[in-house]
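The sequence and model are placed below for reference.

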Amino acid sequence: SSINSIQLTSTILLTASNDRTFRILDLDTQKTRIYKGHDSAVMCAKSKKFRYPVFEERVYEVIISGSGTGEIFLWRLKTAEGLTKGPYKTFCGEEDGENAHRGPVYDIQFASYRDKCLVIASSTPDSGVRVWD
């Protein structure tokens, strides 16, 4: 399956693919974990260590992923190998109304801002940039 984006850190290689998954290769163990949950191609995914209040004020490794249909998922990584049970939080659902993407999420970034998760996603040229917190 085609790879749409990659991210390399000091410990992992993260890929987002047309097969509706993203994969994490652990550079130390050379083992791969596959994450499923999107209904369409995963166009982008980013990883970082992150302090998020709903995660009990602890620092977790998290991934945010964006799809070809405008879904944005926040995932909390596990140390265990294998499949996750799905995303921890979903952005761009029907409840987001005006903020929902109308097209693919081509790139995604997130950062901590006053103990919240700030998500910035860019989509098709006509829908521009959306921000969630």
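**Entry 1: charge pairs.** I counted as a salt bridge a side-chain nitrogen of Lys or Arg within 4 Å of a carboxyl oxygen of Asp or Glu. The model is a predicted one, in which local features need pLDDT of at least 70 and side-chain atom pairs count only at pLDDT 80 or more, while totals for chains, interfaces and linings use all residues. Residues are numbered from 1 along each chain as its sequence is written, and side-chain values use heavy atoms, with hydrogens and water left out.

I searched the whole structure and found two salt bridges. In one of them, K46 meets D107 at 2.8 Å, N to O. K46 belongs to strand β5 and D107 to strand β9 (residues 107-113), so this pair ties together parts that lie 61 residues apart in sequence. For burial I used relative accessible area, with buried under 20%, exposed over 50% and partly exposed in between (1.4 Å probe, protein chains only). K46 is buried at 18%, whereas D107 is partly exposed at 33%.

D19 pairs with R23, their closest N and O atoms being 2.9 Å apart. D19 is partly exposed at 28% relative accessibility, and R23 is partly exposed at 29%.

**Entry 2: strands.** I took helices (H or I, at least four residues) and strands (E, at least two) as DSSP runs numbered from the N terminus. The protein has zero helices and eleven strands. Of its 133 residues, 42% are buried.

**Entry 3: core.** I defined a nonpolar core as a set of buried Ala, Val, Leu, Ile, Met, Phe, Trp, Tyr and Cys residues joined through side-chain atoms within 4.5 Å. The largest core holds twelve residues, including L14, F22, Y35, I63 and W75. Strands β2 (12-17), β3 (21-26), β5 (42-51) and β7 (72-76) each supply at least two residues of this core, and β2 gives the most, with three. Another core, of eight residues, lies apart from it and has C44, I64, L74 and I108 among them.

I then listed the contacts of F22 (heavy atoms within 4.5 Å). Leaving aside neighbours within four places in sequence, F22 touches, among others, L14, R33, V42, S65 and W75.
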